[in-house]
Amino acid sequence: MNRKKDGGGEDMKAFLGKGAEFNGKLVLSGLVRIDGEFKGEVLGSGTLIIGEGAYIEADIAVDNILISGEIRGDLDIKQKVEISPTGKLSGNIKTSILEVKEGAIIDGACQMSNRDKIENSGSETGE
């Protein structure tokens with residue numbers, strides 16, 4: 001079965017459709033899209049797409065995330081967070097790149113840093 005490509009031409013590995021509910025831990029590798037309801041924890045490498053109308057209650061730690069639905073939880077994203085005009089986030093964000101479109105809602109703190117530079121620069125205090 002061929003999966004539709006989404007998010008930069010990457011093959012979609014999993015899809016939770018509208019009306020579907022899932023509780024638990026999702027470990028992803030590659031592109032995963034959620035349009036339904038998810039509660040639990042999401043982690044792994046790859047891109048997570050939260051579709052318009054989706055509702056997520058989870059702490060999320062992945063490479064990239066595109067948010068068009070609603071998330072309640074903290075995000076620890078290695079590369080990029082993109083929040084569309086329909087996206088809502090109630091939680092804290094830790095990422096390297098943050099793109100927020102007009103109309104998006106964020107209720108939480110944001111910490112941005114270039115992790116590669118921090119990891120490769122060492123201590124600046126001379127310790």
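**Charged pairs, core and confidence**

Modeller: The side chains of Arg72 and Glu70 meet in a salt bridge, at 3.2 Å from N to O. This is a predicted model, in which local features need pLDDT of at least 70 and side-chain atom pairs count only at pLDDT 80 or more, while totals for chains, interfaces and linings use all residues. Residues are numbered from 1 along each chain as its sequence is written, and side-chain values use heavy atoms, with hydrogens and water left out.

Colleague: Why is the contact of Arg72 and Glu70 called a salt bridge?

Modeller: The term requires a side-chain nitrogen of Lys or Arg within 4 Å of a carboxyl oxygen of Asp or Glu. Arg72 and Glu70 are 3.2 Å apart, N to O, so the pair qualifies. Side chains of opposite charge can pair when their charged atoms come close.

Colleague: Why is Arg72 called partly exposed?

Modeller: Buried means under 20% relative accessible area, exposed means over 50%, and partly exposed lies in between (1.4 Å probe, protein chains only). Arg72 has a relative accessible area of 42%, and therefore counts as partly exposed.

Colleague: What makes the pair of Glu99 and Lys80 a link between parts of the chain?

Modeller: Their side chains form a salt bridge at 3.0 Å, N to O. Glu99 lies in strand β11 (residues 97-100) and Lys80 in strand β8, so the pair ties together parts that are 19 residues apart in sequence. Strands (E, at least two residues) are DSSP runs, numbered from the N terminus. Glu99 and Lys80 also belong to a salt-bridge network with Glu82 and Lys101.

Colleague: What makes a group of residues a nonpolar core?

Modeller: The members must be buried Ala, Val, Leu, Ile, Met, Phe, Trp, Tyr or Cys residues joined through side-chain atoms within 4.5 Å. The largest such core here has 23 residues, and Leu48, Ile60, Ile65, Ile71 and Leu75 have the most contacts inside it. Strand β3 gives the most to this core, with four residues. Ile65 touches residues including Leu48, Ile60 and Val81, a contact being heavy atoms within 4.5 Å.

Colleague: How do you know how confident the predictor is?

Modeller: Its confidence in each residue is the pLDDT, from 0 to 100. The chain has a mean of 88, and 83% of its residues reach 70 or more. Over residues 123-127 the pLDDT is below 50, and beyond near neighbours in sequence this stretch has zero contacts in the model.

Definitions and conventions: Lists of a residue's contacts leave out its neighbours within four places in sequence.
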